[in-house]
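Subject: The structure, and what turned up in it

Hi,

Here is the structure I promised to pass on. Have a look at it first, then read on for what I found.

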Amino acid sequence: MSYLVKNLTQGSRELIAFRIGDQEFCVNIMSVREIRGWTPATPMPHSPSYMKGVLNLRGAVLPIIDLSARLGMRPTEPSPRHVIIVAQVNRKVVGLLVEAVSDILTVTDDNIQPTPEISSDLEKQFARGILAIDKRMICLVELEGLFPDESEAA
Amino acid sequence: MDMNEIKEIFFQECEEQLAELESGLLKLNDGDRDPETVNAVFRAVHSIKGGAGAFGLDDLVAFAHVFETTLDCVRSNKLEPTQDVLKVMLKSADVLADLTNAARDGGSVDESRSRGLVKELEALAHGEVPAPSAAVEAPAPKAAAPVVAVAPTDPSGFQPIPFSFDDFGGEDEPAAALPTYEVTFKPRAELFSKGNEASLLLRDLSRIGEMSIFCNTDDVPALHKMDPEGSYLHWVISIKTDKGEEGIRQVFEFAEWDCELDIKLQEDGAASAEADSELPMIPVPFDLSLLDAGPAVAEADTSADVAAAAAAADTASNVMQMAGAAARGEKKESAATAAAAAANNAQAANNPSAGQTIRVDLDRVDRLINLVGELVINQAMLSQSVIENDNNGTSSINMGLEELQQLTREIQDSVMAIRAQPVKPVFQRMARTVREIADITGKSVRLVTEGENTEVDKTVIDKLAEPLTHMIRNAVDHGLEMPEKRVALGKNPEGTVKLTAKHRSGRIVIELTDDGAGINREKVRQKAIANDLISADANLTDEEIDNLIFHAGFSTADKVSDLSGRGVGMDVVKRSIQALGGRISISSKPGQGSTFSMSLPLTLAVLDGMVVTVAGQTLVVPLTAIVETLQPEASSIHSFGATQRLISIRNSFCPLVDVGRILNFRAMQANPVEGVALLVESEGGGQRALMVDAIQGQRQVVIKSLEANYTHVPGIAAATILGDGRVALILDVDAVVAASRGQSLKQEMSLASVG
């Protein structure tokens, strides 16, 4: 875990890394509110396929997004072992369904490599960079890119 | 709800308006030229003026009117809001705030400053352009015509009472025939906290004999040390009675424990004279019944006898004026005391603290409600697991759990009571508005209210007052005719304005009906053409013309009045209603009046719902929408065309709507015979039979916003959380019915569908 000590200088930031299938992703820890286990959600009518439904988060209605499906990968078959990352995106709170939370990373901007030129619009939309840590590749996801503020769109 | 409470609300609103005014002006100062900002500033001043007019705060109205006139010039682009203009306006906003504070707390404003600003404002309004007619009408603020309510007092509202007893000294010497008692009555603070009132006790005492009272104020501390709920006064009463000591004690029977009561038999004649010289105790004949009369009556007395009162005592306080007038005019009445009046005064000052309220951020209340809801669910789950793991039913854990359950229920009820409140206070405020406007316009109006106890969310109530006031003003000012004209038309000279509230399919519907002239469509049309809202040859239906009045800057009143008619009316109303997630519609019949109908959501209000199962999902259907439920038989289902099916109910045919299909929960239509049909009535009228799989039962549910974290979902009104902690969706019956008519549920671009 040498990287943890290495970059505790200014400009370093903490990220939460999680796993979807065989890929690893991470998001800024500041946008994460809490992490909880999967419980069956109430499906919503007329919702896109990656929208798993809504959950009761201490009295608030929390929409659950299947991040795998949202990123264009295979839809998740949720089990109690799956994890929901409750994150604040813009002014809304959403739950992200992922396979498991794997790590908390402290990195500086130097660690983040630019996203390679790829053709997929989807990847361009959410990927903000790539981290190489312990020979693993972790993709930094920008949640705002996944859920644009709809008040502007509307 | 008394006047003070209503006034307090007004001042609270004033604070909000003033904040908005200032921020708007600052925005303009920063170069923002958005007409919406100008409108917001204008509205703030207009609202303050309107409210102040209702409370007779003349200084405030006069100043706000001038200010408003100048703003109107800015709004109509007759005056360029340059830095210099805005400087004057910001100063004016400060003066307006000062005037508001002065009206609330007493005290005075810098007259020269406000007068100077009035001149500057008027100069601006007259300045670069021909003066608008309104500016000519603008009255200069009256130098000093303060109403009693704003009579100058020191900031705390308390005032020492310079009152001379000399004028009436010794006029009614005690008759020697009866024994005289000297009663010392010293109430403790507990007496007041138990709802007793010294003046009432003293009045009771006065009924058993002739008495005179001296109020000892020696213990009254300095103002800053005074405990508003403390008791500092005590009374020395000299009473002539044949009831004896027993009779006197009887009067204080219920207060005895909370006061120090000392009763001494006095020697007649010399003793009482001695007492007179020792104590500054002079009998003051005073009719206590005056204390019962409302201040308004007393005030009238005062003004009628103003000269006498002035001669009697050099009074500043209203209460003492009243005492003076009474002392002069009604000496023959049985004895009482000015001290009691003073006590009354002191209590009046104490009273506001009794009904004190605090304004709490609604978010905090919401969070509390959410957490309590969670508590209830958690508690239920805990009980469940204890029962499962414990077969000894009488264990102490079970007992404790039961108590916990009752406690949580109680907490939930109380917390819910914070949010859901009846619309009554708002309706009551409207009654006042109607009276005021009726007075000003010289019309005779009766306000009829219905459904005052309809409960609705606090946010809705708070925000309802402003649009409703505008609408009522419009209804009385523009809607109703003058009494003479009404008689000529064969109508009751007294106009009726009816305000009703009711729950309807999970929304609150508020209707405002007047029996006036209705909308003058020709005039509306002309005005709309004059204001370039429509082209001169536009072909509009009656309904479209009626709806023109919701446009900004639209007013059919010929002249600008103090109350309404500057065109901030209906567009503001519509926007406020829309901001609440509501709809407003108007229907009008020429010569018969107009009806404004507002339909508002009951956000977070408790909803009675029927919990149903559709395609394995639990849904809640608002009970208000359901007319009846029935189990369809195969013989009553009729196919109609390719996909439609009708169900025959008592020989009438009603379209069958499969909820699961409409909400896309299943691909195929369900077999109606296996389910239950809910006969619903939708807002647009017409009945539909909604097909669900099964009914689970009825329950009250708390409405949770879906929009807060997700987005609006077509066909779903909101969500709720059931006892098992899961989210259930509340069906939007109107939308589902509309969808069944062939309009597909609107798919909106949103968080969910982007990408």
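First, a definition you'll want in a moment: a crossing of two helices is left-handed if the near helix is turned anticlockwise from the far one by less than a right angle, and right-handed if clockwise. Helices (H or I, at least four residues) and strands (E, at least two) are DSSP runs, numbered from the N terminus.

This is a predicted model, in which local features need pLDDT of at least 70 and side-chain atom pairs count only at pLDDT 80 or more, while totals for chains, interfaces and linings use all residues. Residues are numbered from 1 along each chain as its sequence is written, and chains are lettered from A and ligands numbered from 1 in the order in which they are written.

Chain B in outline

Chain B has 25 helices and 24 strands. Of its 755 residues, 37% are buried (a residue is buried if 20 or more other C-beta atoms lie within 10 Å of its own, exposed if 12 or fewer, and partly exposed in between, with C-beta atoms placed from the backbone). Take the contacts in chain B between residues at least 6 apart in sequence: 71% of them join residues at least 24 apart. A contact here means that the C-beta atoms of two residues, placed from the backbone, lie within 7 Å.

Five strands of chain B make an open sheet with mixed pairing, in the order E8-E10-E11-E13-E12. Two strands pair if DSSP finds at least two bridges between them.

E12(B) runs antiparallel to E13 (residues 593-601) of chain B, and seven bridges join them. Ser585(B) sits opposite Ser597(B) in E13(B). E12(B) and E13(B) form a hairpin with three residues between them, and Gly591(B) in the turn has a positive phi of about 85°.

Which helix packs on the sheet and touches E8 and E10 of chain B? That is H18 (residues 424-441) of chain B, whose direction makes about 170° with that of E8(B). H19 (residues 458-479) of chain B packs on the sheet too, touching E8, E10, E11 and E13 of chain B, and its direction makes about 20° with that of E11(B).

H18(B) and H19(B) also pack on each other, at an angle of about 25° and with their axes 9 Å apart. They are therefore roughly parallel to each other (angles under 35 degrees count as roughly parallel, over 145 as roughly antiparallel, 65 to 115 as roughly perpendicular and the rest as oblique). H18(B) passes H19(B) in a right-handed crossing. Residues making the contact include Val426(B), Met430(B) and Ile437(B) of H18(B) and Leu464(B), Leu468(B) and Val476(B) of H19(B). By class, the contact of H18(B) with H19(B) has 11 nonpolar, three polar and three charged residues. Ala, Val, Leu, Ile, Met, Phe, Trp, Tyr, Cys and Pro count as nonpolar, Asp, Glu, Lys and Arg as charged, and the others, Gly among them, as polar.

A four-stranded sheet

Chain B also has an open sheet of four strands in the order E2-E3-E1-E4, with antiparallel pairing. Its edge strands are E2 (209-216) and E4 (259-266) of chain B, and the twist averages 20° from one strand to the next. E1 (residues 180-187) and E3 (residues 234-241) of chain B pair over six bridges, with Glu182(B) opposite Ser238(B) in E3(B).

Most residues other than glycine have a negative phi. Asp134(A) has a positive one, near 50°, and Lys135(A) has one of about 65°. Asp134(A) lies in the loop between E10 (127-133) and E11 (136-141) of chain A, and Lys135(A) is in the loop between E10 and E11 of chain A as well. Are they buried or exposed? Asp134(A) counts as exposed because 9 C-beta neighbours lie inside 10 Å, and Lys135(A) is exposed with 5 other C-beta atoms within 10 Å.

Cheers

Conventions:
Axes are lines fitted to C-alpha atoms, for helices over the stretch in contact, and angles run from 0 to 180 degrees between N-to-C directions.
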